[in-house]
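Dear colleague,

I am handing over the structure below, together with a short account of what was found in it. Please read the two side by side.

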Amino acid sequence: MSKNIVLGVSGSVAAYRACDLARELMRRGFAVRVCLTGSAEKFVTRSLFEALTGYACLVDTFEEPISGRMAHIDWARQASALVIAPATANTIAKVAHGIGDDMLTTIALAYQGPMLIAPAMNPTMYASETNQAAMAILADRGVWFVEPTVGDVACGENGQGKFADVQRIADEVVALARTSKLLAGKKVLITSGPTQEPIDMARFISNRSSGKMGAALAQAALLMGAEVTVISGPTAVRIPVGVKLIRVKTAVEMLDAGLLEVSEADFVIGAAAVADYRPAQASHSKLRRSDAHLSLELVPNPDVIAALAAKAKPGSKVIGFAAEPSEDTGYAIEKMARKGLSAIVFNDVSQPNQGFESETNRLQFLTPDGKSADSGLLSKTQCALWLIHQVVDSISS
Ligand SMILES: Cc1cc2nc3c(=O)[nH]c(=O)nc-3n(C[C@H](O)[C@H](O)[C@H](O)COP(=O)(O)O)c2cc1C
């Protein structure tokens, strides 16, 4: 894979830190070409970046370093990643809405590969509805954000808005560049979120799954070039644009949808928290309160991941999840064997910041040959990338 990065620098007080970022990316083996906005030039000069990177910079839309060749198309085609760091609120909004009124935003329009944005701005600007909405649009499209940190910013306020650590941004760029083509031509089927098992027309049995891990897996698989289908139980989490999304409520619906899709999939990842039981009979009206005890008879639900594993096409990989209340992986290993899975992802949900509802997670990837790998505590998006790398590596090893 080519290792050409276009580094977009916009008009933030943190623009000077893009110099360190450019150098750090070069140290990590990337060729870095810098495109500055006009406002960035108020803070840093193009000659500084040219001296640091060894390549001519671009600023104005109509610059044409090679006569007769449109530079925005050339740069967009050659880039293996577009990194905008620091990204101003203005540039984020323009990229989100397809405005190309300078060279950087025009390159962004012409570019189709992995994109990483590291915002830096005043905390009020960062938290503003406008900026958050623009970021959400881009995140939906699979743009990778390295969020600013909390601290004192140049304007004297304290809050979230500080340009993230350069090493951290470089780590994420490396991860992003590596991943972008890993699953090209592959189909990935993901089950995600909780299921809802109706008790009556107003109530149901469900669980604490937020669907965040499934959405992160979908985004990671998309970034890796896969064709992705998500079968999602009821959740408010945003599923990235570009994914074929099938919404279901119950375990039975999830199974039915899965059976229709599974024969096409090269990878099946069962991240959904499927209810093990459902009420034997769901009332079509509303159960009324009384002083008498009420017993609910529950019947077992179908085992969705085991059924999908049984119907998966030869050579495909089926990966299950085991959310467990302790660090003991024994049950997960037994579950992997019993359900005929290619691997299982063990998730100790007794620890803080891991598993249900949290923004972070820690996973262990276990395979039938006894190998295990530990992700450490990561954001769910990073966990998802890590996990899909494990899956891909386990095939090639
Ligand atoms: C001294 C100064 C510092 C600024 N710092 C930031 C910043 O950190 N983040 C930001 O979003 N805007 C910042 N701005 C505002 C942007 O520079 C302004 O919105 C500009 O139009 C952005 O242009 P660009 O996105 O094309 O670079 C700053 C403005 C000034 C005058």
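Glycine 98, which comes just after helix H4, takes a positive phi of about 70°; please keep in mind that this value, like the others here, comes from a predicted model.

As for the overall layout, the domain assignment divides the protein into domain 1, covering 4-179, and domain 2, which is made up of 187-283 and 291-396. The C-alpha centres of these two domains lie 35 Å apart, and the contact between them draws on 11 residues from domain 1 and 11 residues from domain 2.

Between them, domain 1 and domain 2 bury about 1000 Å², with 62% of that area on carbon and sulfur atoms. No salt bridges are counted between the two domains, while the rule for polar contacts finds one residue pair across their interface, with both residues at pLDDT 80 or more. On the side of domain 1 that touches domain 2, helix H7 (129-140) and helix H8 (166-179) each supply at least two residues, and H8 gives the most, with five residues. Sorted by class, that side of domain 1 has six nonpolar, two polar and three charged residues.

With best regards

Methods:
Residues numbered from 1 in each chain as written. Predicted model: local features only at pLDDT ≥ 70, side-chain atom pairs only at ≥ 80, totals over all residues. Heavy atoms only, no water. Domains from an automatic or database assignment. Contact = heavy atoms within 4.5 Å. Buried area = accessible area lost by both parts, 1.4 Å probe. Salt bridge = Lys/Arg side-chain N within 4 Å of Asp/Glu carboxyl O. Polar contact = N/O pair within 3.5 Å; in protein donor to acceptor, adjacent residues only side chain to side chain. Helix = DSSP H or I, 4+ residues; strand = E, 2+ residues; numbered from the N terminus. Nonpolar A, V, L, I, M, F, W, Y, C, P; charged D, E, K, R; others polar.
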